[in-house]
Amino acid sequence: MWQLNIGGGIDSRVLITINLSVLGVAAWLMIVRYRLPVRETLSLRAPAPGAWLGVLIGAPAGLVLADGVVRLASLAMPIPEAWIEAMAENMGAGLPLWQMLIFFSLMPGIFEEIAFRGVLLHGLKNRLTTLQLVLIAGIAFGFFHVDLFRIPPTSLLGVFLVVAVIRSGSIFPAMAWHALHNALALGSARVEQIALPEQPTWWHYVLALLAVLLALQLMKRKSRAAFS
């Protein structure tokens with residue numbers, strides 16, 4: 001949860017590494033403590049081929065919807081300029097592209113998925129209905145990020161990723177979606193873009209929603225139950 005340290009002068013790469021390492025170790029300890037089957041717990045299965053097309057469609061469309069959620073939330077609680085500047089400054093500013101992709105895209109896409117769409121989802125699936133599972137596990141992911149202004153869009157992303165795992169029966173599409181989402185967000189993380197200067201029209205969001213629904217439909221396994 002490196003967002004807590006924005007403005008603290010600590011290298012964001014160090015914070016990300018520490019936080020994700022703690023998350024990964026905690027997930028592994030849960031697996032060991034309760035003797036959970038690794039393959040089943042983490043949904044380590046090959047997805048249907050269409051799932052990868054779903055990732056390519058869903059990640060950019062989901063980012064558009066996340067943008068809409070941020071804009072909507074900012075109407076009730078305007079985002080402070082200081083937060084915008086600090087966020088832009090700490091989103092890999094000055095780092096080589098390969099480091100940005102590793103620390104802000106690839107590592108979260110792996111470790112956060114193992115914890116949230118792996119261990120957490122496995123622990124909740126027999127206790128909740130599908131709708132409850134999607135909402136609770138998705139929103140929990142949003143609150144993990146702590147930062148008030150990031151909770152709504154990351155909760156939405158969490159919901160999409162939970163559905164992706166349930167539909168595909170595999171954690172791998174969620175990992176790819178998460179990493180691609182973050183990579184695309186990095187490409188637009190500039191002060192003037194985070195400040196949301198131009199409001200897309202309503203049909204941009206409608207098209208994005210339809211694209212996400214199509215992406216999730218493409219992930220459905222046909223041979224057997226998608227998520228067990």
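This is a short tour of the structure above, going from the whole chain to single residues.

The model is predicted: local features need pLDDT of at least 70, side-chain atom pairs count only at pLDDT 80 or more, and totals for chains, interfaces and linings use all residues. Residues are numbered from 1 along each chain as its sequence is written, and side-chain values use heavy atoms, with hydrogens and water left out.

**The whole chain**

Start with the protein chain in a cartoon view. It has ten helices and zero strands, where helices (H or I, at least four residues) and strands (E, at least two) are DSSP runs numbered from the N terminus. Switch to a surface view next. The accessible surface comes to about 11600 Å², and 70% of that belongs to carbon and sulfur atoms; areas come from the Shrake-Rupley method with a 1.4 Å probe, and for residues only the protein chains shown count as cover. Of the 228 residues, 48% are buried. Buried means under 20% relative accessible area, exposed over 50%, and partly exposed in between (1.4 Å probe, protein chains only).

Contacts are heavy atoms within 4.5 Å. Among those between residues at least 6 apart in sequence, 81% join residues at least 24 apart.

**Helix 1**

Select residues 12–33, which form helix 1, and find Val22 within it. Val22 is exposed, at a relative accessible area of 54%.

**The salt bridges**

Side chains of opposite charge can pair when their charged atoms come close. The structure holds four salt bridges, each a side-chain nitrogen of Lys or Arg within 4 Å of a carboxyl oxygen of Asp or Glu.

Select Arg13 and Asp11, a salt bridge whose closest N and O atoms are 2.7 Å apart. Arg13 is partly exposed at 24% relative accessible area, and Asp11 is partly exposed at 32%.

Move on to Lys125 and Glu40, where the closest N and O atoms of the salt bridge are 3.6 Å apart. This pair links distant parts of the chain, 85 residues apart: Lys125 is in the loop between helix 5 (97–124) and helix 6 (130–144), and Glu40 is in helix 2 (residues 38–41). Lys125 is buried, with a relative accessible area of 14%, whereas Glu40 is partly exposed at 36%.

Finish with Arg117 and Glu113, a salt bridge with its closest N and O atoms 2.5 Å apart. About one helical turn separates Arg117 and Glu113, because they are four residues apart in helix 5. Both Arg117 and Glu113 are buried.
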